[in-house]
Protein chains: 2
Amino acid sequence: MVTLINKFTVAGESSDFVRIWQQSSEFMRQQPGFISFRLVRSLNNPDVYINIAEWADAESHQRVVGSPNFQQHIAELAAVAVPEPNLCEVVIAHASA
Amino acid sequence: MVTLINKFTVAGESSDFVRIWQQSSEFMRQQPGFISFRLVRSLNNPDVYINIAEWADAESHQRVVGSPNFQQHIAELAAVAVPEPNLCEVVIAHASA
């Protein structure tokens with residue numbers, strides 16, 4: 001499993017960003033290898049949204065990123081926010097009992 | 001529930017950072033309101049580690065951040081990495097069936 005953490009700093013309207021992001025996420029969640037996502041918003045900096053998404057493996061995620069559909073979604077998002085993606089592997093995890 | 005996303009850019013040795021972070025996490029997970037954490041590492045930029053932690057509420061997290069124990073841990077971490085914390089609320093979440 002890999003974790004994509006994509007930090008978006010919104011330059012325009014937050015509502016535009018969330019609407020476009022939601023359309024893009026409808027597409028993402030139908031792709032092979034998609035496990036889950038969570039879009040969170042910073043309490044200290046409301047212009048910052050962070051997508052935490054889980055994919056089965058890096059190949060699944062990269063296949064989607066390379067698709068024309070995704071390129072269109074990311075172009076629409078880039079018009080309202082600056083993305084800062086990091087595809088990550090888990091080092092340590094712990095949940096309370 | 002709130003989600004803390006703390007991005008660390010390691011300036012020194014990765015192994016030092018992980019060791020210090022692990023000690024600090026032993027403390028964090030014993031605090032009231034702690035739910036879970038995951039430390040992930042960027043595949044495209046191996047100097048970047050991101051902690052994704054869940055807390056019951058912002059008050060629980062802030063109580064811990066204000067404690068002398070935490071201040072000592074964060075000073076040790078800051079000696080080897082630059083932190084960039086965002087305490088966040090969930091906007092949209094979805095998991096595949």
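## Fold of the chain

From the N terminus on, the elements of chain A follow the order β-α-β-β-α-α-β, which amounts to three helices and four strands. Helices (H or I, at least four residues) and strands (E, at least two) are DSSP runs, numbered from the N terminus. The model is predicted: local features need pLDDT of at least 70, side-chain atom pairs count only at pLDDT 80 or more, and totals for chains, interfaces and linings use all residues. Residues are numbered from 1 along each chain as its sequence is written, while chains are lettered from A and ligands numbered from 1 in the order in which they are written.

The radius of gyration of chain A is 14 Å, close to the 13 Å that the globule rule gives for 97 residues, so chain A is as compact as a globular protein of that length. This radius is taken over C-alpha atoms, and the globule rule is 2.2 Å times the number of residues to the power 0.38. Along the principal axes, the C-alpha atoms of chain A fill a box of roughly 40 × 35 × 20 Å. Of the 97 residues in chain A, 29% are buried. A residue is buried if 20 or more other C-beta atoms lie within 10 Å of its own, exposed if 12 or fewer, and partly exposed in between, with C-beta atoms placed from the backbone. Among the contacts in chain A with a separation of 6 or more, 72% link residues 24 or more positions apart; two residues are in contact if their C-beta atoms, placed from the backbone, lie within 7 Å.

Strands from both chains form a closed barrel of eight strands with antiparallel pairing, in the order S1(A)-S3(A)-S2(A)-S4(B)-S1(B)-S3(B)-S2(B)-S4(A). Two strands pair if DSSP finds at least two bridges between them. Neighbouring strands of this sheet are turned by 35° against each other on average, direction ignored.

Within chain B, strand S1 (residues 2-10) is joined by eight bridges to the antiparallel strand S3 (residues 48-55), where B:Tyr49 is the bridge partner of B:Phe8. Eight bridges also join S1(B) to S4(B) (residues 81-95), likewise antiparallel. In that pairing B:Leu4 stands opposite B:Leu87, and B:Thr3 stands opposite B:Cys88. Eight of the nine residues of S1(B) are buried, so this strand is largely enclosed by the rest of the structure. S2(B) and S3(B) run antiparallel and are joined by seven bridges, with B:Arg38 opposite B:Ile52.

## Helices on the sheet

Helix H1 of chain B (residues 14-28) lies across S4 of chain A together with S1, S2, S3 and S4 of chain B, and runs at about 170° to S2(B). Helix H2 of chain B (residues 58-65) packs on the sheet, where it touches S1, S3 and S4 of chain B, and its direction makes about 40° with that of S1(B). For these angles, axes are lines fitted to C-alpha atoms, for helices over the stretch in contact, and angles run from 0 to 180 degrees between N-to-C directions.

## Symmetry and interface

A rotation of 180° with 0.0 Å of shift along its axis superposes chain A on chain B, with an RMSD of 0.0 Å. The two copies are thus related as by a two-fold rotation axis. Superposition is by least squares on the C-alpha atoms of residues with pLDDT of at least 70 in both copies. In chain A, the C-alpha nearest the axis belongs to A:Ile52, at 4.5 Å.

The contact takes 34 residues from chain A and 34 residues from chain B. On the side of chain A that touches chain B, the elements giving two or more residues are S1, H1, S2, S3 and S4 of chain A, and S4(A) provides the largest share, 10 residues. The residues of this side divide into 20 nonpolar, 10 polar and four charged. Here Ala, Val, Leu, Ile, Met, Phe, Trp, Tyr, Cys and Pro count as nonpolar, Asp, Glu, Lys and Arg as charged, and the others, Gly among them, as polar.

## An exposed loop residue

A:Pro32 is found in the loop between H1 and S2 of chain A. A:Pro32 is exposed, with 10 other C-beta atoms within 10 Å.
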